[in-house]
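Here is a briefing on one structure. Look it over before reading on.

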Amino acid sequence: MSQILRRVAVAIILLLVVNPTVIAADASDEQESEIDVVGKATNHDYFEIPFGKIYLPRILLADGQWYFYSSTNSAVESGEFVLGEEGLVRADGVPVRLDMSITSHLIYLWFGLLLTFFITIWAGKRYRHGVGSKTEPKGAWQNTFEVLFVFIRDDIAKEFIPHGKHEKYVPYLYSIFMLIAFLNLFGLLPWGAAATANLTVTAILAGITFALTQLAGTKDYWAHVFMFPGVPGWSRFILTPVEFLGLFTKPFALAIRLFANMLSGKIMIVSILGLIFIFSDLFGAAIGVGSGVFWVLLTAALYFLKALVALIQAYVFTLLSAVFIGMAAEEHHHHDESSVAQTKEVELQ
Amino acid sequence: MGFLAAGLGAGIIALGAGIGIGMIGKSATESIARQPEAAGDIRGAMLLTAVFIEGVALIGAIVCLLLALGVGQ
């Protein structure tokens, strides 16, 4: 484990050394007095570190040609791109067709993926050597791993996916749980940002769940979508579109839920801290600073709440993924129920 | 006008979600009191339902956020 950590550290240091655009907090940013509330949670072309910013490379496709720059500034300095209202535009007015730039959220996503990957591989190796499988699991890390894994397997996969099929989905459910939990918790770090506060990230994750759900679909599942059994023929004109729409609204809600939760948490914290400045603008500095004690305490309480929400949202995403996959993978032996959702409810009781 | 709409919308969302989650909590605690041995299952069902309500509320919250930020004007 320590060897892996050392390798990761060396990789990060190399990355920092190679990238020449590690710029300490530049003077132009010091002047902005307005608090950019939403900007704290959104994606940027720089990676915030204590007391500075690391500008990240830009990879752009405009007019069939790829452009590589080490940062947004160097793209502007090269004279080929100008900074427009919507970001970079090529100097002759040709818009950027594809922006594959490395952004702060992408970096956090990579961190999350690496952590999930290493922890799982490391634990898997231990189990293969017999630690945990033949004897008791050893050490705090492996115990934590086992608690989480058994929880995902027994309380989520086994509970909601029909028996015999659930084993196949445990790896996916476990990795998505770990990934989302890590990404959410990164948002709590100082200077950190939650990559899950980005609709693209959550939409991709929900898209994977959507694809798995359709792949898991049995004949009964598709019958319930297109030819609802046991209802009068004319009502199928209403039911089929609704059911078909339902295929897409489920992953859509999944993506929006995670995104909105993580975004709102960050915005709430920054807004409440911003009240200090609003109060000192309105009633003078003394009241602003005095009330600051209260706001900071409130923020501290919210931070605990956010740590809880980070884990709950990871759990909820995994749970709903399992529920959707389970609904699709279910075989119906009796056709008297009125909907797939109701069977689920019956099972829950 | 956008701010007014966002403020009113956020209030109504909180109202609706509050009523919904309150009703879930009420019936869940009642069922657990009636049948304490089924507490685990009831908790799972409660969380699942609460999450659906939360999802709807958050979609509303996002709309309010977009209104407040003046997107689409």
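Which element gives the most to the lining of the largest cavity? α7(A) does, with 4 residues. This is a predicted model, where local features need pLDDT of at least 70, side-chain atom pairs count only at pLDDT 80 or more, and totals for chains, interfaces and linings use all residues. Residues are numbered from 1 along each chain as its sequence is written, chains are lettered from A and ligands numbered from 1 in the order written, and side-chain values use heavy atoms, without hydrogens and water.

**Cavity**
- The count is 1 cavity of 30 Å³ or more. A cavity is a set of points on a 1 Å grid over the protein atoms alone where a 1.4 Å probe fits but cannot get out; lining residues have an atom within 4 Å of a point.
- The largest cavity holds about 70 Å³ of space, a volume being the space filled by probe spheres set on the points.
- α7 (199-216) and α9 (236-283) of chain A each give two or more residues to its lining. Helices are DSSP runs (H or I, at least four residues), numbered from the N terminus.
- Among the lining residues are A:Phe210, A:Tyr221, A:Lys250 and A:Phe324.

**Interface**
- The contact (heavy atoms within 4.5 Å) takes 13 residues from chain B and 16 residues from chain A.
- Chain B and chain A bury about 1,300 Å² between them, 81% of it on carbon and sulfur atoms. Buried area is the accessible area (1.4 Å probe) that two parts lose on being put together, summed over both.
- B:Leu48, B:Val51 and B:Leu58 supply 34% of the area that chain B buries against chain A.

Definitions and conventions: On a 1 Å grid over the protein atoms alone, a cavity is a set of points where a 1.4 Å probe fits but cannot get out, and a pocket is an open set with protein on both sides within 12 Å along at least five of seven lines; lining residues have an atom within 4 Å of a point.
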